[in-house]
Amino acid sequence: MEFMLDTADINQIKQLDKLITVAGVTTNPTIITASGKRVETVIEELCDYLAPNQKLFFQTVSQTPEGMLDEARAICALRPQNTYVKIPVTHAGMQVIKAAKQEGLGVLATAIYSADQAFLAAMNGADYLAPYVNRMCNYGDGVAQVLDLLAMLEKQQVDARVIAASFKSTDQVHRLIAAGIHAVTVPPAVVFAMLDHPGTELAVQEFSAAWSKSFGRESFSA
Ligand code: E4P
């Protein structure tokens with residue numbers, strides 16, 4: 001199971017990379033523009049920081065097949081390995097997913113709102129499928145659709161990996177991990193909500209107070 005961060009904020013990536021096991025970083029045009037930095041700066045920061053085995057994902061912006069394919073090639077050439085192009089599953093995008101896979105590029109099919117769209121992208125060879133869980137919840141049960149997708153892929157023995165995305169709550173992430181999702185990409189705010197619990201901090205203060213009261217120090221041994 002791969003746990004990725006859905007952000008271009010390099011400071012939060014560095015902080016979380018120390019705390020948890022980060023398999024990679026996903027971005028999209030909104031995330032990059034929200035950083036307030038030039039795209040070249042964001043690319044440089046991410047490529048410099050991430051370890052070679054950590055995956056990196058950038059999305060195409062063009063809407064024509066020719067433009068998308070050019071961008072796909074450029075994105076996948078940013079690092080020697082583990083760099084994937086995110087391609088929305090529009091008609092142009094579906095066409096480009098096929099072409100990019102024929103060239104051996106790493107592809108994540110994105111902006112997925114249904115299990116059917118995802119399945120067809122998988123049949124075109126996409127390595128990763130990114131259903132937008134929270135956005136799908138505006139049209140029904142997003143988590144249930146992703147579970148359905150997992151079942152479709154397994155039944156048909158199609159080996160694309162589902163990277164569930166667009167999370168707004170820990171419950172959405174939790175339910176998919178518990179159900180055996182292949183990968184998730186989670187924004188930092190939701191990761192911190194998963195990680196932090198006020199009870200843990202209180203417990204640690206309680207242990208510490210008991211220790212210093214009995215032994216007059218704050219470390220295990222003198
Ligand atoms: C990730 O790859 C997607 O682009 C992202 O999770 C979409 O998230 P949003 O629905 O918060 O825009």
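Predicted model: local features only at pLDDT ≥ 70, side-chain atom pairs only at ≥ 80, totals over all residues.
**Pockets and ligand site**

Residues are numbered from 1 along each chain as its sequence is written, and side-chain values use heavy atoms, with hydrogens and water left out.

Reader: What volume does the largest pocket have?
Author: A pocket is, on a 1 Å grid over the protein atoms alone, an open set of points where a 1.4 Å probe fits, with protein on both sides within 12 Å along at least five of seven lines. Volume is the space filled by probe spheres set on the points, which are joined across faces, edges and corners. For the largest pocket this comes to about 340 Å³.

Reader: Which residues lining the largest pocket are the closest to its centre?
Author: Lining residues have an atom within 4 Å of a grid point. The largest pocket has 23 of them, and the closest to its centre are D6, N28, I31, K168 and P187.

Reader: Which element gives the largest share of the lining of the largest pocket?
Author: Helices (H or I, at least four residues) and strands (E, at least two) are DSSP runs numbered from the N terminus. The largest share, 3 residues, is from α2.

Reader: How far is a polar side-chain atom of D6 from an oxygen atom of the ligand?
Author: A polar contact here is a pair of N or O atoms within 3.5 Å. For N28, a side-chain N or O atom is 2.7 Å from a ligand oxygen, and K168 places a polar side-chain atom 2.7 Å from a ligand oxygen. For D6 the distance is 2.5 Å.

Reader: What part of the area that the ligand exposes when taken alone does the protein bury?
Author: Accessible areas come from the Shrake-Rupley method with a 1.4 Å probe. Alone, the ligand exposes 340 Å². The buried part is 87%.

Reader: How much space lies in the second largest pocket?
Author: Residues V39, I43, F58, Q59 and I75 are the closest to the centre of this second largest pocket, among 14 lining residues. Its space is about 230 Å³.

How values were computed. Polar contact = N/O pair within 3.5 Å; in protein donor to acceptor, adjacent residues only side chain to side chain.
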